[in-house]
Amino acid sequence: INNIRFTNPRPRREPFEQIRTVASKAADAAYFAMRDIENLSGADTTLDMRERKIKLDRRKPTDEQVERARAILKMSEEEQKKLPRLATNYAERTLKFIEKPEQYEVKIQTVRIGDDIAICALPFEVLVEIGLELKEKSPFENTIIIELANGSYGYLPTPQQHEWGGYETWLTTCRVQKDASVILVDHLLEMLGEMR
């Protein structure tokens, strides 16, 4: 799920070294998987695609969050050192967030390959539960979820995850309304159904 080990960090690498490592592993896995495919003929494979642009409301900081962010940025350097490591960073992001548009128009897509493969593409870092729900409810035997497609609007947690809290639900890491995952999953499932 994540190639960064937070609990046991690896030594620092040269610029682009990790990207090359991950890309090489992904390419190798695809190559070896492709060698095992018995029928690779695409002449009779049908394709279909759907695309929608969905408007989602931007989350807004509360008056208390704005006041707290301004107070943090007015603190002396010594006072800021006593705060959590990224407190000033998030204070700045909170104030910049006020200037963002009231809504985001996000593009989502579904693609059908043959009779049993579908792809869902979303412009978010999609949490696992959402991908699992799409796979479970998809009318296709094999459904692949592609995140960060056609843009990047931050994390996409479920409403339940918003109740639990955590980094992925913070105001500036999750930019859209708290029920956005429900709205997008409903649209994607409808699009998959249209292609079936």
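Author: One term to start: helices (H or I, at least four residues) and strands (E, at least two) are DSSP runs, numbered from the N terminus. This is a predicted model, where local features need pLDDT of at least 70, side-chain atom pairs count only at pLDDT 80 or more, and totals for chains, interfaces and linings use all residues. Residues are numbered from 1 along each chain as its sequence is written, and side-chain values use heavy atoms, with hydrogens and water left out.

Reader: Ok. Where does T110 lie?
Author: T110 is in strand 2.

Reader: Buried or exposed, that T110?
Author: T110 counts as buried, because its relative accessibility is 0%. Buried means under 20% relative accessible area, exposed over 50%, partly exposed in between (1.4 Å probe, protein chains only).

Reader: What is T110 in contact with?
Author: Setting aside neighbours within four places in sequence, its contacts include D48, M49, R50, L188 and M191. Contact means heavy atoms within 4.5 Å.

Reader: Now the largest nonpolar core. Which residues touch the most other members?
Author: L56, V106, L122, F124, L156 and L184, out of 26 residues. A nonpolar core is a set of buried Ala, Val, Leu, Ile, Met, Phe, Trp, Tyr and Cys residues joined through side-chain atoms within 4.5 Å.

Reader: Which element gives the largest share of this core?
Author: Helix 7, with eight residues.

Reader: And what does L122 touch?
Author: Among them are I108, I145, L156, L184 and L188, not counting residues up to four places away in sequence. There is also a second, separate core of five residues, including I72 and L83.

Reader: Switching to helix 4. Which of its residues are buried?
Author: A87, Y90, A91, T94 and F97.

Reader: What about E92?
Author: E92 is in helix 4 too (residues 87–97). At 40% relative accessibility, E92 counts as partly exposed. Its C-alpha atom is 8.3 Å from that of R70, 22 residues apart along the chain.

Reader: Last one. Where does T169 lie?
Author: In the loop between helix 6 (159–164) and helix 7. T169 counts as buried, at 9% relative accessibility.

Reader: What does the side chain of T169 reach?
Author: The backbone oxygen of G166, at 2.7 Å.

Note on methods:
Polar contact = N/O pair within 3.5 Å; in protein donor to acceptor, adjacent residues only side chain to side chain.
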